[in-house]
Amino acid sequence: MSQEQEPEQEQGATDAGRHAQGMRTRREVLGDAHVDRAVARTDGFTADFQDMITRYAWGEIWSRPGLDRKTRSCVTLTAMVAGGHLEELAMHVRAALRNGLTPDEIKEVLLQTAIYCGVPAANSAFAVAQRVLAEEG
């Protein structure tokens, strides 16, 4: 699937179907290595949470046809900045690159967040994004 295509979502999918779709989408957006690490860390305490985010965040929301993945990444980056979720921001900067955003587009999203989320939040976000972009080459 190219980054410009909209993801597909089956109507009336079962929990198992949403989980399977969620794992496919999650791997496409975050990469196998990230998902494999998350799965390996799953234990009895976190299993229900991992199942929930796989079915709902990835199998429902990220798999909906209404927005392409580049747009979803822009929205997600903004939400991570607004919420001060810097570890998740790093993960989603990587995902944004995988979804086809360029470093310049990521910069524009972060500039936009400076106005609507605040300069201190954007300052921290730029530091995280700068580190991730350097790591990703």
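Reader: Which helix holds lysine 70?
Author: Lysine 70 is found in helix α4; helices are DSSP runs of H or I of at least four residues, numbered from the N terminus. This is a predicted model, in which local features need pLDDT of at least 70 and side-chain atom pairs count only at pLDDT 80 or more, while totals for chains, interfaces and linings use all residues. Residues are numbered from 1 along each chain as its sequence is written, and side-chain values use heavy atoms, with hydrogens and water left out.

Reader: Is lysine 70 buried or exposed?
Author: Lysine 70 counts as buried because its relative accessibility is 18%. Buried means under 20% relative accessible area, exposed over 50%, and partly exposed in between, with a 1.4 Å probe and protein chains only.

Reader: And what does its side chain make a polar contact with?
Author: The partner is the side chain of glutamate 105, at 3.4 Å. A polar contact is a pair of N or O atoms within 3.5 Å; within protein, one must be able to donate a hydrogen and the other to accept it, and residues adjacent in sequence count only if both atoms are side-chain atoms.

Reader: Turning to salt bridges, how many are there?
Author: The count comes to 12, taking a salt bridge as a side-chain nitrogen of Lys or Arg within 4 Å of a carboxyl oxygen of Asp or Glu. One of them joins the side chains of glutamate 60 and arginine 18, at 3.1 Å from N to O. That pair links distant parts of the chain, with glutamate 60 in helix α3 and arginine 18 in helix α1, 42 residues apart.

Reader: How accessible are those two?
Author: Glutamate 60 is partly exposed, at 23% relative accessible area, whereas arginine 18 is buried, at 16%.

Reader: What does arginine 94 pair with?
Author: Arginine 94 forms a salt bridge with glutamate 135, and their closest N and O atoms are 2.3 Å apart. Arginine 94 lies in helix α5 and glutamate 135 in helix α7 (residues 119-136), so the pair ties together parts 41 residues apart in sequence.

Reader: Which residues do shared partners join into one network?
Author: Salt bridges that share partners connect Asp15, Arg18, Asp51, Arg55 and Glu60.

Notes: Helix = DSSP H or I, 4+ residues; strand = E, 2+ residues; numbered from the N terminus.
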